[in-house]
Amino acid sequence: MLPKIHAAFGAAALLIIATFWTATITTIVIGDKYLISMTKNGIAWGLLALIPMLILTGFSGNRLGQNMRGGLIGAKQKRMKFIAFNGLIFLVPSALILLPLAMQGQGGALYWTIQTLELLAGAANITLLGLNMRDGLRLSRRRVLTA
C-alpha cells in the first residue's frame with residue numbers, strides 16, 4: 001500500500017509543478033498582465049497543495065527505502081535533497097516575490113530576472129522528479145519480481 005501512496009504523492013507533486021511551469025510560460029507568451037498576475041496568485045495559493053505533497057513524498061520515500069542503500073535509492077535520495085533545496089531557496093521565494101510584482105503590473109529587470117530563475121529552477125525540479133519517478137517504477141518492478 002505504501003508504494004502506491006508514495007507514487008500518488010510524487011505524481012501529484014510533479015503534476016502541480018508542471019502545471020505551475022506551463023501556466024507561467026503560457027501567460028508570458030500571451031502577455032496579458034492581468035492573466036500573469038492571476039497565474040502568480042494561483043501559484044502562490046497552489047504552494048499550499050504542493051508543499052505537503054513534497055513532504056509526504058519525502059516521508060513515504062524514506063520509509064520505503066529505509067532498508068535499502070545505494071543504486072537507484074541513493075540516486076533518488078540525492079535528487080530529493082536537490083529538489084528540496086531548489087524549492088526552498090529558489091522556487092517558493094520566487095513565487096512569493098513575483099506575486100506582488102505581478103499584481104502591481106511591474107515587469108522590469110527585477111521581475112524578469114526572478115521569473116527566469118524560477119522557470120530554470122522549476123524545469124530542473126520537473127526533470128529531477130521525472131527521473132525519480134522513472135527510478136521508482138524500476139524499483140517497484142524489482143519488488144514485484146522478487147516477491
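## The nonpolar core

A nonpolar core is a set of buried Ala, Val, Leu, Ile, Met, Phe, Trp, Tyr and Cys residues joined through side-chain atoms within 4.5 Å. In this predicted model, the largest such core has 13 residues, and those with the most contacts inside it are I16, F20, L47, L50 and L129. Helices α1, α2, α3 (71-103) and α4 each give two or more residues to this core, and α1, with five residues, gives the most.

In soluble globular proteins, nonpolar side chains tend to be buried together. Of the 147 residues of this protein, 34% count as buried.

## Overall architecture

The secondary structure comes to four helices and zero strands, so that, read from the N terminus on, the order of elements is α-α-α-α. Taken along the principal axes, the box filled by the C-alpha atoms is roughly 55 × 20 × 20 Å.

## How α1 meets α2

Two packed helices are described by the angle between their axes and the distance between the axes. For helix α1 (residues 2-30) and helix α2 (residues 33-64), the axes come within 8 Å and cross at roughly 160°. Because angles over 145 degrees count as roughly antiparallel, α1 is described as roughly antiparallel to α2.

The crossing in which α1 passes α2 is left-handed, and the contact of α1 with α2 has, by class, 21 nonpolar, nine polar and two charged residues.

## Confidence in the model

The mean pLDDT of the protein is 91, with 96% of its residues reaching 70 or more. Among the elements, α1 has the highest mean pLDDT (95), whereas helix α4 (residues 109-146) has the lowest (89). Where pLDDT is low, the predicted coordinates should not be read in detail.

Technical notes:
Residues are numbered from 1 along each chain as its sequence is written. This is a predicted model: local features need pLDDT of at least 70, side-chain atom pairs count only at pLDDT 80 or more; totals for chains, interfaces and linings use all residues. Side-chain values use heavy atoms; hydrogens and water are left out. Axes are lines fitted to C-alpha atoms, for helices over the stretch in contact, and angles run from 0 to 180 degrees between N-to-C directions. Angles under 35 degrees count as roughly parallel, over 145 as roughly antiparallel, 65 to 115 as roughly perpendicular and the rest as oblique. A crossing is left-handed if the near helix is turned anticlockwise from the far one by less than a right angle, and right-handed if clockwise. Ala, Val, Leu, Ile, Met, Phe, Trp, Tyr, Cys and Pro count as nonpolar, Asp, Glu, Lys and Arg as charged, and the others, Gly among them, as polar. pLDDT is the predictor's confidence in each residue, from 0 to 100. Buried means under 20% relative accessible area, exposed over 50%, partly exposed in between (1.4 Å probe, protein chains only).
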